[in-house]
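Please examine the sequence and the three-dimensional structure shown below. The paragraphs that follow lead through a few selected places in turn.

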Amino acid sequence: MALQYRAAVLHASKTPMVVETITAAPLKPTDVLVRIRAAGLCHTDLEVIEGSLRIPMPIVLGHEAAGVVEEVGSLARGVKKGDHVVLSWNPHCGHCFYCDRDLPILCEDYLGEGPKARAFDGESRARLDDGRELRQLMFLGAFGEYCIVADQQAVVVPRDMPFDRACLIGCGVMTGVGAGLNLGAIAHGDTVMVIGCGAVGLAAVQGARLAGAGAIIAVDLNPAKLALATSMGATHVVDSSKDDPVATAKAATNGRGADVVLESAGSPTAFRLTAEAVRPGGHIIWLGKVDVQQDVAFRWGSLMQEKRIRRVSYGNARPRRDFPMLARAYLDGSLMLDELISRRIRLDEINTGFEALKRGETIRSVVTFD
């Protein structure tokens, strides 16, 4: 008998999601069925809801999740029933032009199938009651009681890792901490600026701390978020509605500017600010994003003097290496995750959770399942 379960379905942009019963497809040989225990509400999901990220519908959103393996396909590798897992939204083929160049985030199959919002093999893994194909965001679709993923997407983590904190590793924390640890831009003692102190930005503050930054300047408009940044390792904070981040960066570095600027605000103003605040020869890392059709302007002189700019989507993640490492860092007390969770909500409260995210009231709301 086919598995039926509750999920939040988005039928059209700018409309509320509807929690309804959907039907799972049979598992294919390399599939893994995961019972979702926690899923975070991310800005990328909100972009689909708002229509700035254009994806086929109806769709189940949710790409930051953790749960328990319930069933594995006959050829599934690296995971077994009962494992606790964090889900990765970047499956990759391992042998295309980009995978061979150690760029799985640009995998040709991944980029080719992602806009279709189906599973990695190009087929749907769930249907509505009326038989229509149901799409899944970023190869997951985790705002439901279950999720079917490719085996490589289910990454085993320690069993004592709480699910509501584990799920954060799957996107926001991996992106932010990875930007600090995996890119090699931050040298011991560097001055690092982080612009935007949401979930990704606060993770980036921690990534900079773990990488050995000497000074970390956190920039935001929200004093509460700046206070959190201080607790996570920021040595300086700037309320950019009152003070000039560029002046702060230069004052902290004898007039040079920050060695590395990590942007996670996702606004044209923030992108422009990165080029002004970084020193000559320094590194700019963009983590945030705006609508793909939106123009962003820069002062040409701010881009001169050998400044290096890099766009990074997932913190240069290698999930099977990085997810367990981040879980252990939380368990040993070196990575702060509890403080990132603003609210724990039920699946039926998901629309109000996204309204709060849109208003900037939360760092992360997490849907939890019994």
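Which residues does Asp151 touch, not counting residues up to four places away in sequence? The model is a predicted one, and in it Asp151 touches Thr30, Val32, Leu75, Ala76, Arg77 and Arg320. Asp151 itself is found in the loop that runs between strand E9 (146-150) and strand E10 (154-156). Although Asp151 is buried, it has no salt bridge. The nearest side chain of opposite charge belongs to Arg77 and is 4.7 Å away, whereas a salt bridge requires a side-chain nitrogen of Lys or Arg within 4 Å of a carboxyl oxygen of Asp or Glu.

Helix H3 comprises residues 163-181. With 19 residues, a straight helix would reach 27 Å at 1.5 Å a residue, but the end C-alpha atoms of H3 are only 23 Å apart. H3 also contains a kink of about 60°, centred on Ile169. The helix is mostly covered, with 18 of its 19 residues buried.

Helix H8 (residues 319-331) has 13 residues, and its end C-alpha atoms are 18 Å apart, which agrees with the 18 Å that it should span at 1.5 Å a residue. The buried residues of H8 are Pro319, Asp322, Phe323, Pro324, Leu326, Ala327, Ala329 and Tyr330. These buried residues pack against strand E6 (84-87), E10 and H3. Just after H8, Gly333 takes a positive phi of about 90°.

Attention now turns to another loop. Arg299 is found between strand E15 (278-286) and strand E16 (308-311). Is Arg299 buried, partly exposed or exposed? Its relative accessible area is 40%, so Arg299 counts as partly exposed, a class that lies between the limits of 20% and 50%. Leaving aside neighbours within four places in sequence, Arg299 is in contact with Arg272 and Glu276. With Glu276 there is a polar contact between the two side chains, at 2.9 Å. Ala275 lies 24 residues from Arg299 along the chain, and the C-alpha atoms of these two residues are separated by 8.4 Å.

Thr44 is buried because its relative accessible area is 9%, and buried means under 20%. Not counting residues up to four places away in sequence, Thr44 touches Leu53, His63, Met138 and Lys289.

Conventions: Residues are numbered from 1 along each chain as its sequence is written. This is a predicted model: local features need pLDDT of at least 70, side-chain atom pairs count only at pLDDT 80 or more; totals for chains, interfaces and linings use all residues. Side-chain values use heavy atoms; hydrogens and water are left out. Helices (H or I, at least four residues) and strands (E, at least two) are DSSP runs, numbered from the N terminus. Buried means under 20% relative accessible area, exposed over 50%, partly exposed in between (1.4 Å probe, protein chains only). Lys and Arg count as positive and Asp and Glu as negative; His and the chain ends are not counted. Contact means heavy atoms within 4.5 Å. The expected span of a helix is 1.5 Å times one less than its number of residues. The bend at a residue is the angle between axes fitted to the seven residues ending there and the seven starting there. A polar contact is a pair of N or O atoms within 3.5 Å; within protein, one must be able to donate a hydrogen and the other to accept it, and residues adjacent in sequence count only if both atoms are side-chain atoms.
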